[in-house]
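Subject: Structure handover

Hello,

Here is the structure you asked for. Please open the file beside this email and follow along; my notes come after it.

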Amino acid sequence: MIESVISSVYDYFKEIFFRFRSFTEPSITAFCYMFSFGEKYKEVTEQYPNPISAKTADDLPARSRGFLFNDIDKCTGCGACVDVCPVKCIRLETEPAWDESKTWVSVFDINQAKCIFCGICVEICHPNALIHSKNYEGAVDNMNKMINSFGRSFVTEGQRRKWALARKQMEEDWLTQ
Amino acid sequence: MTPWTSFFPWVNDYFPSWVQSFFGVFIATLLVIVPLLTIFVYLSRKISADIHARIGPAVVGPAGMFQPVADLLKILQRHTVVKEAPLAPLIWFYLRWMIFFSTIAIIPLGFAASIFNSELGILFFFWIVLAAMLATMFVGISHGSAQGWFLGMQIWAQAVAGAFPASVTIVCAALHSGSFQWTMVVDQQGFSPLYWSAFSNPFQFISFLVFLSSGVALVGLSNILDGVFVYNDYGKGMRIILSKLLYCYSIFLWSIMAVILYLGAWNLPPRLISAATYIGGNPAVNITQLGCLFIKCFFLMLVMVFLNNALPRRRSDQITYYCWRILGPLSLLALFGEGVINIGGMLK
C-alpha cells in the first residue's frame, strides 16, 4: 500500500519534471535562435524584395518560368494558346490585316494574376512568339495592373480606308505592268 | 480619475466625472494602449522571426519598425472574400471585444489612479477574462456548424482548465497580501525585487510561475477560433484588426495582472518619489509609476510571446491535461504552503 502510494507520488513528480523539460528545452533552442548563437542558428530566409541569391534575371535558372511575353511581330493570332490555356487567362481578338489573308492581332491580353505558369501555351505556340520571361515581380496595388497587353489595338476606319486605297493602288499598278 | 485631472484643474469645473471617465478611457486607449500594442506587435514579430531563423519585418521604416502601421493600412483594405458573416457569431464577436476592452476602465495605472477610480477586487479582472472566454465559445457555437461547436467547446474546456489554477494562484496572492484589493496587494510589496510577492517565499514563486503558465494557456485561445472563422468567413479588414488587437490586449491584461500581483506593481524607491514630487508634484509621481508599471508589464509580455513562440502548435488536449494535472495541484500546493506560512505568522 505504502509502496504504491510512494511510486504514484514518484511518478507524479517525474511527470512534473518531464513537463518542465518540455518547457525548458524548446525555450533553450528558441533562445539560441533568437540571439543567433553560432552559424547553425543564423537566419536562413532571404528578404523578398531584395533577393540575395538572385540579384538579376540572369541568375535565375535557365528554364525558370516568369511572366508570359508575346512577341507581337511573330504572333499570327492563330488562337492556339487561348484554346489550350487551362485557366483562360489569355484574351485574343483579331481582325483582317492589311493583307486580308493574314490576321491583325488587335487584342492580346494576358492576365498574369490568373496565369498558373503551366507553360502549355508556350509549348503549343507555333511561331515561338509566346515565351516565359524572367520577370516575376508581381507586387502591384491594383489587380488590373497584372494584365499585360501585347495587342496592336483595333484598326480604325481611317486606317482601313488607307489600306483599301493602298491595295487598290497596288492592284492598278500590277495591272498596268 | 482625480490624480490625472490635476494636470488640468479646470476640467473639474466644467465636466462631470462620467464625462471625464469616458474621455479618460478614450485618451488612455489612444495614447497609451494602442502605441504600446503597436510596438509590442513589432517586437513580437521580430522575436518570432528570430526563433524561426527568419529575418522578420525589415522593409517599412528603419529595421521594419513601421511594418505594423503598413500592415494596418493594408488589412483595412481587405474585403470579404467568401461570404458575409451570419449575425449571431458577429454579435458574440463584438460582445467579446467589448467585454475585454471594458477592462481599460478599471486597470489601475498607478497608486489609486485607475481611470475609473474604484476599489474593485483583483478577482473582478479575472471574471471579466472568463466572461470574454465564454463569449469566445459562443462565437464558435453560434456559427451553426459542427466545426464551430467543437471549437467552441474545446476553447471553453481549455479556458476552464487554465482558469482553475489561475484563480487559485490569485487567492494565494491575496492570502499573502491579506486583501483582494489592488492597493492593498501593491502596498504589501516594494520597489526592490526582494520585496516582490513572487520572491517573498517559495510558494509565492510557484504561484507566480503557475499564474504565468496558465496565462500562456489562456491567451492564445481567441487566436484559435479567429484563425478559423474570422480570417476565412468574416474576413473584413476591421474585424481582423480587432481580432489581432484583442490577442495582444489579452496578453497585456494578463501581464499587468501578473505584475501587480507578483512583481512589485508600480512601487518606486522613496528617493525617486520625492524627486518626482519635487519636479512635478503628484502628476509626475503618477507618470513615473505608470512608466515603472508598463516597463515591467512590457518585459513580461515579451516573455509570454517568447514562450508562445518557443512552444508552437500547442494541442488543446495537451494544454488541458497540463493545466489540470500539473498546474492545478501546483497551485493548490502553493495555496496550502502560503496558508501554513500565514498560520505560522499568526501564531508568532
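Where in chain A is the place of Ser153(A)? Ser153(A) sits in the loop between strand S5 (147-149) and helix H4 (157-176) of chain A. Helices and strands here are DSSP runs, numbered from the N terminus, with at least four residues of H or I for a helix and at least two of E for a strand.

Some background before the rest. This is a predicted model, in which local features need pLDDT of at least 70 and side-chain atom pairs count only at pLDDT 80 or more, while totals for chains, interfaces and linings use all residues. Residues are numbered from 1 along each chain as its sequence is written, chains are lettered from A and ligands numbered from 1 in the order in which they are written, and side-chain values use heavy atoms, with hydrogens and water left out.

Chain B as a whole

Chain B has 13 helices and zero strands. Of its 348 residues, 52% are buried. Buried means under 20% relative accessible area, exposed means over 50%, and partly exposed is in between (1.4 Å probe, protein chains only). Contacts are heavy atoms within 4.5 Å. Among the contacts in chain B with a separation of 6 or more, 79% are between residues 24 or more positions apart. The accessible surface of chain B is about 16000 Å², and carbon and sulfur atoms hold 73% of that. Such areas come from the Shrake-Rupley method with a 1.4 Å probe; for residues, only the protein chains shown count as cover.

Helix H12 of chain B

Helix H12 covers residues 270-310 of chain B, and its end C-alpha atoms are only 39 Å apart. A straight helix of 41 residues would span 60 Å at 1.5 Å a residue; the expected span is 1.5 Å times one less than the number of residues. In H12(B) there is a kink of about 130° at Gly280(B), shortly before the proline Pro283(B). The bend at a residue is the angle between axes fitted to the seven residues ending there and the seven starting there.

Phe299(B) is also in helix H12 of chain B. Phe299(B) is exposed, at a relative accessible area of 58%.

Ser44(B), in helix H3 (residues 17-51) of chain B, touches Val305(B) and Asn309(B), leaving out residues up to four places away in sequence. Ser44(B) is buried, with a relative accessible area of 14%.

Most residues other than glycine have a negative phi. Ser153(A) has a positive phi, near 75°, and is partly exposed at 43% relative accessibility. Ala265(B) has a positive phi as well, near 45°. Ala265(B) is in the loop between helix H11 (237-262) and H12 of chain B, and is buried at 0% relative accessibility.

Ser153(A) is one of the residues that Ser106(A) touches, and Glu93(A) is another, again not counting residues up to four places away in sequence. Ser106(A) lies in strand S3 (residues 103-111) of chain A and is buried, at 3% relative accessibility.

Salt bridges

A salt bridge is a side-chain nitrogen of Lys or Arg within 4 Å of a carboxyl oxygen of Asp or Glu.

- Glu25(A) and Arg21(A) form one, with the closest N and O atoms 3.2 Å apart. Both lie in helix H1 (residues 2-34) of chain A, four residues apart, about one turn of the helix.
- Asp71(B) and Arg45(B) form one at 2.4 Å between the closest N and O atoms. Asp71(B) is in helix H4 (residues 67-76) of chain B and Arg45(B) in helix H3, so the pair ties together parts 26 residues apart in sequence. Asp71(B) is buried at 13%, whereas Arg45(B) is partly exposed at 31%.

Where the chains meet

How many residues does the contact take from chain A and from chain B? There are 19 residues from chain A and 18 residues from chain B. The area buried between them is about 1900 Å², with 68% from carbon and sulfur atoms. Buried area is the accessible area (1.4 Å probe) that two parts lose on being put together, summed over both. One salt bridge crosses this interface. The side chains of Arg325(B) and Glu15(A) form a salt bridge at 3.0 Å, N to O.

Regards
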